[in-house]
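Visitor: Walk me through this one, please. I'd like to go piece by piece.

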Amino acid sequence: MITRIHGKINFECDGCGEVLDTETRDFEEARQSMRSEMWDSQKEGDVWCHYCSRCADEPALTKGK
């Protein structure tokens, strides 16, 4: 999940709820920050889901639970 707090982009892990505060308002910079922290994003149906490095390593069937 992507949220904005005071305009700055945060990613929340859809697996465990961990939050990555990117400290930027620019989406491309936020996405680079997410990748440098080894987070993953996947489109599931019509929704983009984001996973922290720990949850990104889990099998796909356990994500979101």
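Visitor: Which residue in β2 stands opposite R4?

Guide: I9 does. Strands are DSSP runs of E with at least two residues, helices are DSSP runs of H or I with at least four, and both are numbered from the N terminus.

Visitor: What kind of model is this, and what is left out?

Guide: It is a predicted model in which local features need pLDDT of at least 70 and side-chain atom pairs count only at pLDDT 80 or more, while totals for chains, interfaces and linings use all residues. Residues are numbered from 1 along each chain as its sequence is written, and side-chain values use heavy atoms, with hydrogens and water left out.

Visitor: Is H6 buried or exposed?

Guide: H6 counts as exposed because its relative accessibility is 70%. The cut-offs are under 20% relative accessible area for buried, over 50% for exposed and partly exposed in between, with a 1.4 Å probe and protein chains only.

Visitor: What about the β4 and β5 pair, in which sense does it run?

Guide: Antiparallel, over 5 bridges. That hairpin also has 2 residues between its strands, and G45 takes a positive phi near 70 degrees there. Within the pair, S41 has H50 in β5 as its bridge partner.

Visitor: Where does M38 sit?

Guide: M38 is in the loop between α1 and β4. M38 is not a glycine, yet its phi is positive, about 65 degrees. With 59% relative accessibility, M38 counts as exposed.

Visitor: What does M38 touch, leaving aside its neighbours within four places in sequence?

Guide: C52 and S53; contact means heavy atoms within 4.5 Å. The C-alpha atoms of M38 and R54 are separated by 8.9 Å, and the two residues are 16 apart along the chain.

Visitor: New topic, H50. Buried or exposed?

Guide: H50, which belongs to strand β5, is buried, with a relative accessible area of 5%. Not counting residues up to four places away in sequence, H50 touches residues including M1, I2, F11, M34, W39 and S41. From H50 to F11 the C-alpha distance is 7.0 Å, across 39 residues of sequence.

Visitor: Which residues make up the largest nonpolar core?

Guide: The core has 11 residues: I9, F11, C13, L20, A30, M34, W39, C49, Y51, C52 and C55. A nonpolar core is a set of buried Ala, Val, Leu, Ile, Met, Phe, Trp, Tyr and Cys residues joined through side-chain atoms within 4.5 Å.

Visitor: And what is W39 in contact with?

Guide: Apart from neighbours within four places in sequence, W39 is in contact with F11, C13, L20, M34, H50, Y51 and C52, among others.

Visitor: What volume does the largest pocket have?

Guide: About 160 Å³. On a 1 Å grid over the protein atoms alone, a pocket is an open set of points where a 1.4 Å probe fits, with protein on both sides within 12 Å along at least five of seven lines; lining residues have an atom within 4 Å of a point. Points are joined across faces, edges and corners, and the volume is the space filled by probe spheres set on them.

Visitor: Which element gives the largest share of the lining of that pocket?

Guide: α1, with 4 residues. The elements giving two or more residues are α1 (27–36), β4 (40–44) and β5 (47–51). Among the lining residues are F11, M34, W39, S41 and H50.

Visitor: Last one. How many helices and strands are there in the chain?

Guide: There are 2 helices and 5 strands, in the pattern β-β-β-α-β-β-α along the sequence. Of the 65 residues in the chain, 26% are buried.

Conventions
Pairing = 2+ DSSP bridges.
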